[in-house]
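Subject: Structure for you to look at

Hello,

Here is the structure I said I would pass on. Please open it first, then read my notes below with it on the screen.

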Amino acid sequence: MRKYLQLLKYSVSSVASWVVDNGLFWLLKTLLAARLGGFADLVCTALARAVSSFFNFNANNRLVFQNRGGYGKALLRYYCLALPIMLCSAGLVTLLDRLFGVSAPALSTGIKICVDALLFLASYTIQKKWVFSSQ
């Protein structure tokens, strides 16, 4: 039962972070897309993820995994995971935007939501077994 409670807490933490991430992505893309051109997805994803990931790390560290190890060690590991996840998200969003000819921020955000949903379980497993492990 504890395993499922942890996954539920992780889901709640992820949804809260998702709201922050996607809300900021949409806002930034709406404001900056014309200025950033082909780099808009990467820049907007990076900025939104920087804010939402720090929020997510702290929620997962304290509430989800109740980390008893070092804060700094877990933070470093978290960002060693978050960076490849962010790049994968941005790369796939850019690829799919171009493949389908998407230019509207709302449609691009929808694609990003689908991509990030697929990255969810992999991230949970890695955080549980490596980021917040006491070893």
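Helix α2 is followed by Gln 66, which has a positive phi, near 45°. Helices here are DSSP runs of H or I with at least four residues, and strands are runs of E with at least two, all numbered from the N terminus. This is a predicted model, in which local features need pLDDT of at least 70 and side-chain atom pairs count only at pLDDT 80 or more, while totals for chains, interfaces and linings use all residues. Residues are numbered from 1 along each chain as its sequence is written, and side-chain values use heavy atoms, with hydrogens and water left out.

Gln 66 sits in the loop between α2 and α3. Its phi is positive although Gln 66 is not a glycine. Most residues other than glycine have a negative phi. Is Gln 66 buried or partly exposed? Gln 66 is partly exposed, because its relative accessible area is 35%. Buried means under 20% relative accessible area, exposed means over 50%, and partly exposed is in between, using a 1.4 Å probe and protein chains only.

**Helices**

Helix α1 covers residues 2-36 and bends by about 45° at Thr 30. In α2 there is a kink of about 30°, centred on Arg 49. Such a bend is the angle between axes fitted to the seven residues ending at a residue and the seven starting there. After α1 comes Gly 37, with a positive phi near 55°.

The buried residues of α1 include Gln 6, Tyr 10, Ser 14, Asp 21 and Phe 25. Among what covers the buried residues of α1 are α2, α3 and α4.

Thr 94 is in helix α3. Thr 94 counts as buried because its relative accessibility is 17%. Thr 94 and Asn 67 are 27 residues apart along the chain, and their C-alpha atoms are separated by 35 Å.

**The nonpolar core**

Which residues have the most contacts inside the largest nonpolar core? They are Phe 65, Tyr 78 and Phe 132, in a core of 17 residues. A nonpolar core is a set of buried Ala, Val, Leu, Ile, Met, Phe, Trp, Tyr and Cys residues joined through side-chain atoms within 4.5 Å. The elements giving two or more residues to this core are α2 (40-64), α3 (71-100) and α4 (105-131). Helix α3 gives the most, with six residues.

Leaving out residues up to four places away in sequence, Phe 65 touches Gln 6, Tyr 10, Asn 60, Tyr 124, Gln 127, Lys 128 and Phe 132. Contact means heavy atoms within 4.5 Å.

The largest pocket has a volume of about 480 Å³. Of its 22 lining residues, Tyr 10, Ser 14, Arg 49, Asp 116 and Phe 120 are the closest to its centre. On a 1 Å grid over the protein atoms alone, a pocket is an open set of points where a 1.4 Å probe fits, with protein on both sides within 12 Å along at least five of seven lines, and lining residues have an atom within 4 Å of a point. Volume is the space filled by probe spheres set on the points, which are joined across faces, edges and corners.

The second largest pocket holds about 310 Å³ of space. Its lining has 15 residues, and Arg 2, Gln 6, Val 64, Phe 65 and Gln 66 lie nearest its centre. Helix α1 gives the most to this second lining, with five residues.

Regards
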